[in-house]
Amino acid sequence: MPVEIPFRRDFSFEYGRIEPVAPGIRRIVARNPSPFTFKGTGTYVVGSGEVAVIDPGPDLAEHVEALLAGLKGEWVTHILVTHTHRDHSPAARALQAATGAPTYGFGPHAGGKREETAVEEGGDWDFVPDVTLRDGDWIAGKDWRLEAVHTPGHTSNHLCFALPDSGVLFSGDHVMGWSTSVIAPPDGDMAAYMASLEKLLGRRDTVYWPTHGPAITEPHDHVCAFIAHRREREAGILDCLRAGIGRIDAIVERLYVGLQPGLRRAAGRSVHAHLIDLAGRGVVEADGPPMLDSNYRLGRL
Ligand SMILES: [Zn+2]
């Protein structure tokens, strides 16, 4: 039986409006819908009066203006970024210019090159956090405190932010309800992603608020389904190799039935991420390093 992921795509919101979604948490969705962002980037506001903004969003003036208008009379004291994709961090610049608040994140975009064509939203190469966070660091505001949880995989600098007093985890693009995450090498790393999923299973957060789409209210079931899904994908790739199918495009053809053409490259990158992980464990081989255009076979282990 194929793994069923309990996707959640019921999402009610209005573009340009800052709306309460839970006690002490508000959200405003940017108008940047795409096959990678669902309805758009959900920018979260934590606290009241003196607030933190999580994932200010894409470089979209109307989004920053709507956020600032919604926060009239309040003070933005912290700008937090889960990771440096272009749908998450670029608006930090305009928000900082307007508020003077410092930015917080794991670090600048890493892996790959600035000029490479991006698989999804691409890297925001210009973002450098004022304050660098590491796993387990705390950031405290007037009526909230957030814990940084390093969750590499989707990107190497991905952080989730936990509000432990209310069981909330802002899960960024690491765990989303509407879709699986894109794991695109070189910055995307399947082994790291799987370890970051396991890491969440060791925590007690009770609800996840991802940057795209609705909340996940049974987070451990959801994470377990993602782990099972990736293991199933890995088994499918090994079946392909056993059948002599060793090129990534042919593996995608075989495994991703009914895939939208616009998502083929992302699927190829995910298969590549699995193959890099498998090669690292000695399970598969290629001639030379495991590249996108390599011909793969089972290893001798
Ligand atoms: Zn992302």
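Pro-186 sits in the loop between strand 11 and helix 3 (helices, H or I, of at least four residues and strands, E, of at least two are DSSP runs, numbered from the N terminus). A cis peptide bond joins Pro-185 to Pro-186, with omega at about 10 degrees. The model is a predicted one, so local features need pLDDT of at least 70 and side-chain atom pairs count only at pLDDT 80 or more, while totals for chains, interfaces and linings use all residues. Residues are numbered from 1 along each chain as its sequence is written, and side-chain values use heavy atoms, with hydrogens and water left out.

Now to the metal. The zinc ion is held by His-83 (NE2), His-85 (ND1), His-154 (NE2) and Asp-173 (OD), at 2.2 to 2.3 Å. Donors here are N, O and S atoms within 2.8 Å of the metal (3.2 Å for Na, K and Ca), and water is not among the atoms, so sites may look incomplete. Along the chain, the donors are spaced as H-x1-H-x68-H-x18-D. The angles among the 4 donor atoms run from 89 to 173 degrees, and the site is irregular. Four donors count as tetrahedral if all angles lie between 85 and 135 degrees; four count as square planar and six as octahedral if opposite donors are over 155 degrees apart and all others between 65 and 115; anything else is irregular. His-85 is buried at 8% relative accessible area, and Asp-173 is buried too, at 2% (buried means under 20% relative accessible area, exposed over 50%, partly exposed in between, with a 1.4 Å probe and protein chains only).

Two residues other than glycine have a positive phi. Phe-38 has phi near 60 degrees and is found in the loop between strand 2 (25–29) and strand 3 (42–46); Phe-38 is buried, at 12%. For Asp-55, phi is near 55 degrees, and this residue belongs to the loop between strand 4 (50–54) and helix 1 (61–70). Asp-55 is likewise buried, at 0% relative accessibility.

As for the sheet, 7 strands make an open one in the order 1-2-3-4-5-6-7, with mixed pairing (two strands pair if DSSP finds at least two bridges between them). Strand 1 (19–22) and strand 7 (131–132) are the edge strands, each pairing on one side only. Strands 3 and 4 run antiparallel and are joined by 3 bridges, and Tyr-44 stands opposite Ile-54 of strand 4.

Ile-54 also turns up in the largest nonpolar core, which has 21 residues; among those with the most contacts inside it are Phe-161, Phe-170 and Trp-209. Such a core is a set of buried Ala, Val, Leu, Ile, Met, Phe, Trp, Tyr and Cys residues joined through side-chain atoms within 4.5 Å. Strand 10 gives the largest share of this core, 3 residues. Leaving aside neighbours within four places in sequence, Trp-209 is in contact (heavy atoms within 4.5 Å) with residues including Tyr-44, Phe-170 and Ala-215. A second, separate core of 19 residues includes Ile-183, Ala-225, Phe-226 and Ala-273.
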